[in-house]
Amino acid sequence: MKIKFLLVLVSLFFSLNSCSKEDNDVAETLETPTANAPKDVNDNGFKAKWNYVSNSKSYLLDVSTSENFDTFVANYNAKPVTDLNEVVVGLLGGTQYYYRVRAKTETEISDYSNVISVVTTGSSGIPEDPTFLKVKANKVANPFFVGMAIKASQLTTGSPYDIILKNEFSSISAEYEMKMDQISTASGVYNWSVADKIVAYGNTNGINVHGHALVWHNAVPQWLKNFSGTDAEFALEVKKYITDVVTHYAGKVKSWDVVNEAVDDTDGKMRNTIFLQRMGANYVKDCFQWAKNAANAAGDTKLLLFYNDYATSTNIPKQDKVFSLVDDLKTANVIDGLGFQMHNTYLSPTKAQIETDLNKAVAKGLKIHVSELDIQVNQFNDITTFTNERRLVQKAKYKEMVKIYNALPVANKYALTIWGMRDNESWIPYSTDLNHVGNDWPLLYDSNFAIKSSHTGFLEGLD
Ligand code: XIL
């Protein structure tokens, strides 16, 4: 009896032990490999690399031009590789690729590794899409104006600017020649000639004219800075200026930035400008009211009045303040739209930040003008030439912005304006406000007026 019991115990021990061993085998799932940065990147390929996974017999390599691996580069759809690297060949120059791997045994395949992004060297050789921006923008379900910031000197018939403007753009904003310090030479004295040339160009060529900007702290004429009258007299000067300019261009300019950049970058306060100091906290509302009254008196009841500012997608106290200003202007029934300058970089703002910001304007029923778009690629001054990597991220960022804009409800769309034509003429490297030390390539055309990948990105955003 005792022996029988012992035998049972021994056999039970063996059976349990073998059972747990089997369990161990089943439980042993294949580790996920880690893909590493590529080596030897050249014009038509690179060496993809990854880490060893114990027990694996081989690896399956995917290479794609899409981050989601919707499609695969021929021969690189789960290509079996026994090594820990593979020289990928037959690719295009100057092109963005992605790769990932899985580990494999005879019976198992692991999860996908992380995705590695790599841009081949050289130029892509793929010509940019030559479609004209406004032609494609006019074909979308809810079209909008495609705008360009211009200078009067560029508008000579037959100049490259003139040809590009007429082909590609349906709206213009004066880069600086319709600001107060350009138009107003003394109290009640105006230099209309340059601004008139810009407005006439738009009007004769069927191009929308956006007025930029009636009141801006960075464009106060010297005589007004030095004005020695009382605060009430100062306010009357501003009122006279707004009234005279809006009247002069009534029916010729479709919209005006009435006040530009009234909110500070710190703590969501009002910016401490000469206008705030001389006219008090209600000055923004007063300026809008004067603009509206002048337009109505001139018989232009359709003039659109915008408040315009920058960095509201990333600076939330500033965003909040802009929208509280907007609420006051809405209560007074004097505002039609909001201008989002969008002097962006290849890293910022994110898609979500832009959408949150614009959606607040949608919720308030405002027209939205992306009013001064440019996308820097060298804000840290870490490149000396426009690299393929930056070219492609910039293209993606332009595409993202246009896609967000194009998806807005019809009632909120107005225009998306690019702040300058050629990279070498952009205000970005020269601005004392931005403190951007190096060169940059923020726009849609290079110094030879050739379209860049950013231009193709703009077009792709309309798909
Ligand atoms: C800039 C122009 O690009 C420059 O040519 C000019 O010297 C200064 O102003 N926010 C605005 C624009 O609202 O008017 C500014 O334009 C850029 C920042």
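## Charged pairs and the ligand site

Modeller: Let's begin with aspartate 62, which counts as buried because its relative accessibility is 1%. Please keep in mind that this is a predicted model.

Colleague: Okay, and which residue forms a salt bridge with aspartate 62?

Modeller: That would be arginine 100, with the closest N and O atoms 2.8 Å apart. Arginine 100 sits in strand E6 (residues 96–104) and aspartate 62 in strand E3 (residues 58–64), so the pair ties together parts that are 38 residues apart in sequence.

Colleague: Is arginine 100 buried or exposed?

Modeller: Buried, at 11% relative accessibility. The cut-off for buried is under 20%.

Colleague: How many salt bridges does the count come to?

Modeller: The count comes to 19 salt bridges. Among the others is one where the side chains of glutamate 175 and lysine 151 meet, at 3.3 Å from N to O. That pair links distant parts of the chain, 24 residues apart. Glutamate 175 is in the loop between strand E9 (171–174) and helix H4 (180–183), while lysine 151 is in the loop between strand E8 (145–150) and helix H3 (160–168).

Colleague: And how accessible are those two, glutamate 175 and lysine 151?

Modeller: Glutamate 175 has a relative accessible area of 10%, so it is buried. Lysine 151 is at 17%, and that counts as buried too.

Colleague: What about glutamate 389, which residue does it form a salt bridge with?

Modeller: Arginine 390, and the closest N and O atoms are 3.6 Å apart. Glutamate 389 is partly exposed, with a relative accessible area of 43%, whereas arginine 390 is buried at 6%.

Colleague: Which residues are linked in a network of salt bridges?

Modeller: Asp265, Asp309 and Lys318 are linked in one.

Colleague: Let's switch to the ligand. Which residues are around the ligand?

Modeller: You'll find Glu175, Tyr176, Lys179, His212, Trp216, Asn260, Glu261, Gln341, His343, Glu372, Trp419 and Trp427 there. By class, that shell has four nonpolar, four polar and four charged residues.

Colleague: How much of the ligand does the protein bury?

Modeller: The protein buries 78% of the 410 Å² that the ligand exposes when taken alone.

Colleague: What is the nearest side chain of opposite charge to aspartate 374?

Modeller: Lysine 452, and it is 11 Å away. Aspartate 374 is buried yet has no salt bridge.

Colleague: Now the backbone. Where are there cis peptide bonds?

Modeller: One joins histidine 212 and alanine 213, with omega about -5 degrees. Histidine 212 is also one of the residues around the ligand, and alanine 213 is in the loop between strand E12 (208–211) and strand E13 (215–216). Another joins serine 348 and proline 349, again with omega about -5 degrees. Proline 349 is in the loop between strand E17 (343–345) and helix H11 (351–363).

Colleague: Which residues other than glycine have a positive phi?

Modeller: Glutamate 261 is one of them, with phi near 60 degrees. Glutamate 261 is in the loop between strand E14 (255–260) and helix H8 (274–279), and it is buried at 8% relative accessible area. Alanine 311 has a positive phi of about 60 degrees as well.

Colleague: Where is alanine 311 found, and is it buried or partly exposed?

Modeller: Alanine 311 is in the loop between strand E15 (304–309) and helix H10 (316–331). With a relative accessible area of 35%, alanine 311 is partly exposed.

Colleague: Great, thanks for the tour!

Notes
Residues are numbered from 1 along each chain as its sequence is written. This is a predicted model: local features need pLDDT of at least 70, side-chain atom pairs count only at pLDDT 80 or more; totals for chains, interfaces and linings use all residues. Side-chain values use heavy atoms; hydrogens and water are left out. A residue is near a molecule or strand if one of its heavy atoms lies within 4 Å of it. Accessible areas come from the Shrake-Rupley method with a 1.4 Å probe; for residues, only the protein chains shown count as cover. Ala, Val, Leu, Ile, Met, Phe, Trp, Tyr, Cys and Pro count as nonpolar, Asp, Glu, Lys and Arg as charged, and the others, Gly among them, as polar. Buried means under 20% relative accessible area, exposed over 50%, partly exposed in between (1.4 Å probe, protein chains only). Lys and Arg count as positive and Asp and Glu as negative; His and the chain ends are not counted. A salt bridge is a side-chain nitrogen of Lys or Arg within 4 Å of a carboxyl oxygen of Asp or Glu. Helices (H or I, at least four residues) and strands (E, at least two) are DSSP runs, numbered from the N terminus.
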